Each structure stands twice: as C-alpha cells, then as structure tokens.
Amino acid sequence: MTDSIAVLGMVKVVYTLYTLAIMSLFAWFGYSLTAESRPKKIIRIPFYLYIALLVLIGVSIHILTFNKIPWVEMDLKRAEVTPDRTVQIVIEDHKFILPGDKVTINCNEKVLFSVDSKDLTYGFGLFRPDNSLVFQMQVVPGSKNDLLWQFGKNGTYTIRSTEYSGPDGVPPLKDAVEVQGCE
Amino acid sequence: MSFFKTLIVGEQGAFRPETLTPLQKVTLRTVVIGLLWYGVAAIEGMMMRTHHVDQTILPLDNAHFFSIMTAHPIVAIFGSTYMVVFGAFIFLVPFLMKKPVYSIKLANITWILIAVGTLCSWTACFLYKYAPLYTLYWPLPVDMKQFAPFGGFLFILGVALIMVGTLCFIFNIYATVFYTEPGHEKRPVKPLLISGFGIDGLLNLINKVRGREPYAKEPAVSLPVVAIFRGTVDTFLDALVILSCGVLILVYIIFHMAGSPLDPTAINALYYKNWFWWGLDLIADGLVLIYVAGAWYLLAMLITGKDLFMQNVARAALLIELIVSWAVWSHHLLSDQGQPNMMKITSGEMVTAFELVTQGIAVFITLMTLWRARPLKWTNELKFLLGGMLGFALAVPAGIMQADLGLNRVLHNTQWIIGPHVHVAVLVGLTMTLYSAVYILFPILTNGGKLFSQKMANFHFWAHLVGGIGMGAFMGMAGVNGMLRRTLYYNGEFNTYMILAAICGALLLLSWVVFIVNIVLSVGLRGLIGIYLPAKVKGNHALPEG
C-alpha cells in the first residue's frame, strides 16, 4: 500500500506551488491595478468557465484521492472486509491499554485497530520515528472507533493520542507497534 | 504640532468627539474594545508559541498552557472579531439604508455584554485554569477531576453572556432593516425580506435567461446589507446552538457542585459533537465567509466609487452560501469512524468543496469591480482588501484539502489545520479585510479625523501580511511533518518551525502595536476618552445632520 509519507510529500509540493502562484497573481494584480499604463495583454477567463474550473477542482480532488490513496476505499468499505487480525486497544483514565507489551504486525496484513474509550474523547495515531504521521482517528466514548490499515514497510511506530483530553494528557507509547517481514 | 500635543488632541486636532452621533460613538466604543482584545489574543499567541519552543522560558504549567489555549479563540473570535464586525455593521446598516438605527441602547448593551462575557471566560481560564478548549468535546467540559467546577461555571457564564450580546446585535440589525422610522411612510416587509435573502437577485437571473424584464430593477436592500442580513441568520443559529451546549454543561456543573453529579454517558458524545460542530461551523464556514464577501463588495464599491460587477450573481451566490453553510459541518468529523460514510462524503467532502465556488465567486466579483475602475491609488483600504482576499485564497484551498477523506487521515489535528487554514483565514483573510474597513471608515466615523502616519500604516500592512502568511506557512510545514495541534513537545522535535513561526508571530504583534499607536496619535487621548463619554448630539442617525 502507498505509504502516507508519499502523500504528505505530494501535499507539500502541490500546496507550495499553489501558494507561490496565487501570491504572484495577487502581486501582479495589485501592481496592474495601480499602474498608470494599462497592461497590454490580459488573459480573458469567462465567468462561467472560471466557475466550472472551481467545481472541477473541488470535485476532482476527491475523485483523485479516492483512486490514488488506497486507504480511502479501504476505510469506506471496512465493514465488508474481513481483517487478517484485529488489535483491541482501550484508552481509560488518560492511558493506552494494549493487548500486550507491543503489537507486532506482519507485512501486508490487513489490521483492524479497534479503539475504545472508557471516559473522554481521545485520538489514536501512529507516528514514525521521525515524528511524521502514519494515520490517525478520533476515539469517541460510546462510539465504534475502528480503522483498517495495511503496512507495506518494516518499522517501529509510536502511538500517540491525537486529540486533546485535558491537561493530564495521554503519555505516548514509544515503539509500541512493530511491522516486520517486508522485503 | 508637538508630539505631546498630538498625543493629547490627536493629529491636527481634527478629531472632536463632541461632534459624534450616538451611533458613531457606540461603533467606535465597540471597535476599540475589539482591537484591544485582539492585542490580548496576540500576546496569548506569542506566549503559547514561546512555550512550544522552550517550556522553561515562561512560568507556565501544562494546565495553564492549555487554559491559555482555551481562552485564545474566545478572546480572538468573540472578544475581538465579533466586536469589530458588530461595531462596523451596526453603523453600516443604518448608514447604507439611510435610516436611523433601531436602538442605541441595545447597541451599547451588545458591546458591554460581549466585552464582559469575554472577560468572564478569560478569567475562568486565567484564574481557575479551566481548559476544555473551544471544541468542548463531550464529556471533557464536565470532567471535574481535571477542572475546578467554579472555573467551568464562570467560563460558560462568559460564553452565555457573549451569546446573549450576540442575540441583542441580531435583534437590533433586523429591527433596523424592518422598522419604519417615525415620519416615514410604512415600509412593506415582503420586498425587504425577498431582497434581504437575495431572492430578487436569483429571480433577476432567471428572468434574464427567460428573456423577461428583471424582477426588481432597484433592489429594496443594498448588497452589503444583504450580506449582513444573510450572515446574521447563521450568527443567530450559531448562538442558539452554543447556548444550548452551554446550558447542558452548566446543568452538569451545577449538579456536581450540589453534590449529585450526573452521568456523562447519558449524553451521546458523537451526537453532541455533530450538534456542536453544526453550530460552531456556522461561524467558520457560515457567517465569516458571508460577512467577508459582503465586506469585500462594500469595500470594492467604496474604493472605486462604482457599482458592483455582476450584482445579481453576487446576491444569488450569497443565498447559496447560506444554504451551503448549513450542510458542511461533517468535514470536522472525517476522522470520527462512527460518523456515517454518506455524511462524510456528502457534507464533509462534496458540499464543503462547494465553498471553493461560493468564495471564488466573491473573489472574482470583487477583483473585477476593482479591475474595471483602474488605475486606482495604492491606498490603505485597497492594499488591506487585497491582502484579505489573498488570505482567503490561501486558506480556503488548504481547508478543502483537509476536507478530504484521504488527506484528512494524515492531516487532521496537525498544525496544518490551525496554521495554513485557520490562522491564515482569520489573521490574513478576515483581519486584513477588517483593517481595510477600519481605514476606509476612519474618516467617516470620526467626522474627518486624520491619520497620524502613513509610514506606520505601511509598516502595519507589510508586517501583518508577512507575519500572518509566514506564521501559517511554518505551522503548516510542521503539520505536514507530523506536529499535532493541542500537543506540547518536550524535546524540541519541531523547534526549527516553531522558532520561525514565533518570529513571524512577533512581527504580527509588532504590527498591531504600531497600528494602535498610530490610531491613538490620530485621535488623541482626549478623543479616546471622549468616545466613552455620553454623546452631545441627539438622535439615532448614522452621521451628524447637515
């Protein structure tokens, strides 16, 4: 499965390029607006084409990510998928309670993380050693909080609560998840 | 004129508070308090940013840090932004409709309630370290193991006062639109309602397509008033939702204080979250976007002295924006696995993406209105208006990216959402739009008051723009690299980004200081005090007669 680090890298590139483009556009617009001589050539964009373009961008982002980011479809259809294994985790009184000392996962296993909160709203996220985020979900008390994931790389991951649960917080569990068996 | 004399009487002594109408005074009172609360929010922001970098610099423990984080949006959104916006709108509606405001007394009650309410909530955080954050995720606000009950009581009381003040503002706005002033022929309600909701713009467009005469050649309500009218619907709904949550929390706290605590599991946390976000999102994705669009239209018309380009489309778009704002809250729950998939896809992704269109229309119409009037002078109001539009042009796509099931999985609750989206939208988009309004309305509200220093205004613009975008950018970079919001890191994991963001934050704070000094030297201390003294001019009109 595509690693989320690749998706985050794409986000960086796309948004940086967009930022530079839109700032340049506004700078040019501000200059042209106040310049005494009118600019010779203007790109003429008809209003309805512009609107169509915005609709296209708004919709195509979701179509693109649905088709290119594998965890989207897997997440939407997780109720129909039988996971290779289920990892039951409880959060109570600001602590993660794992089924054992450590969760060991085999490469390409479809793992369902099912996390239950006994008191407050928390979050559940897996982080790489460089602190980048693999995935996260909210953990709402009285609600089903499950996430299906497939790991395609070996590594150890830290579990953190990704939602604020008061100043007491939740201590992260360093290297609590290990993926092995990938080539 | 000596510096000391300028400090006392203002630039050239041009501002004389005794000439102000009661409405001008109440507007200036509201805006001044709002600008001061902005400074408090900026200082809080810098404190948190410093603490992010090094937890030993400021004497803050965890509880205090998160209580500042709780107070920060209350101060920034309600104490500052609501006040500045309400102050401006309570002046603009009667000013644009050329009729007196419905009630000066109610306008005074509005700003006092919001200012006192903000102070109550801030005190609850500062003294009692009440820290459930603005999200108030159930059952955290009633977790009395972590928080003192009185702190919770005071915080919710403050929010309730703010919401009651908001309801007073709403009543005053609608009453001003609909009431018939003494001596005027009866104003019929129907055309005002149709125009207020922008239905006339939509009907004009339909008639144009069908080759018929326009439904209304002269709309009953001017376009900026339509935006205020429309945005205020969301303000009303939002106030009701927040009040209802506040009452719920208060009931739990009071029962706890009485020694009979109620069971928090009696409330379904996910339903509560949906209800709360539906209301809260009416601010972020409702009234802010609608009010801002209206402000852009008004500013473009005032700057160019011309009619707005594509008026009917703008009116119709405001109506669509209102409806869209009621159906987008699920993008805040894309990471809640109990939320039905259909709601995530429709409300969370598709309807939310429509904001790109509604906001895009507002940008297009405003830019075209400016473009058709070129060449324009590089005035303070023009540059701040362009800065404000740039802010939203940066922040809205960042939010649309976040409101995607695939990207949300790796961006939710990171610094991405609070940096490039929230802070750039609020600080660059919204605040620069408000500054544009402040600069253009300053001579109108002060009856010819003069700005002390254009150089200081230039510094204000550039420092605010660079500081705001820079801070958002560095927070965003930290977010993409995994830094969570609402989380403290103790080993300097993201210090490079946080130090750079802090430098940009300091620039923002400095720009506000320079702006305040410029304004104080423009109106003088005598003028500043005079704003808060009773008006000598009588009547509810916007401007002095004659």
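Trainee: How many residues of domain 1 of chain B are in contact with domain 2 of chain B?
Mentor: On the domain 1 side of chain B there are 31, and they meet 34 residues of domain 2 of chain B. Contact means that the C-beta atoms, placed from the backbone, lie within 7 Å. Keep in mind that this is a predicted model: local features need pLDDT of at least 70, side-chain atom pairs count only at pLDDT 80 or more, and totals for chains, interfaces and linings use all residues. Residues are numbered from 1 along each chain as its sequence is written, and chains are lettered from A and ligands numbered from 1 in the order in which they are written.

Trainee: Which elements give two or more residues to that side of domain 1 of chain B?
Mentor: α14 (415-445) and α16 (495-531) of chain B. α16(B) gives the most, with twelve residues. Helices (H or I, at least four residues) and strands (E, at least two) are DSSP runs, numbered from the N terminus.

Trainee: And by class, what does that side have?
Mentor: The domain 1 side has 25 nonpolar, five polar and one charged residues. Ala, Val, Leu, Ile, Met, Phe, Trp, Tyr, Cys and Pro count as nonpolar, Asp, Glu, Lys and Arg as charged, and the others, Gly among them, as polar.

Trainee: Where are the domains of chain B?
Mentor: Domain 1 is 1-20 + 377-546, domain 2 is 21-187, and domain 3 is 188-220 + 269-331 + 341-374. These bounds come from an automatic or database domain assignment. The C-alpha centres of domains 1 and 2 of chain B lie 17 Å apart.

Trainee: Back to α16(B). At what angle do the axes of α15(B) and α16(B) cross?
Mentor: Roughly 155 degrees, and the axes come within 8 Å. That makes α15(B) roughly antiparallel to α16(B). The cut-offs: under 35 degrees is roughly parallel, over 145 roughly antiparallel, 65 to 115 roughly perpendicular, and the rest oblique. Axes are lines fitted to C-alpha atoms, for helices over the stretch in contact, and angles run from 0 to 180 degrees between N-to-C directions. By class, the contact of α15(B) with α16(B) has 21 nonpolar, eight polar and no charged residues.

Trainee: What about α7 and α10 of chain B, at what angle do they pack?
Mentor: About 125 degrees, with the axes 7 Å apart. α7(B) and α10(B) are therefore oblique to each other. Residues of α7(B) in this contact include B:I199 and B:L202, and those of α10(B) include B:V313 and B:L319. By class, this contact has six nonpolar, four polar and two charged residues.

Trainee: New topic. How many residues does each chain bring to the contact between A and B?
Mentor: Chain A brings 59 residues and chain B brings 59. On the chain A side, α1(A) has the largest share, 15 residues. That side has 33 nonpolar, 19 polar and seven charged residues.

Trainee: In what order do the four strands of the chain A sheet run?
Mentor: β2-β1-β4-β7, in an open sheet with mixed pairing. Two strands pair if DSSP finds at least two bridges between them.

Trainee: Why is one side of β2 and of β7 in chain A left without a neighbour in the sheet?
Mentor: β2 (95-97) and β7 (146-150) stand at the edges with a single partner strand each, so one side of each has no neighbour in the sheet.

Trainee: And how many bridges join β1 to β4 in chain A?
Mentor: Seven, between residues 85-92 and 110-117, and the two strands run parallel. A:R85 stands opposite A:V111 in β4(A).

How values were computed:
Contact = placed C-beta atoms within 7 Å.
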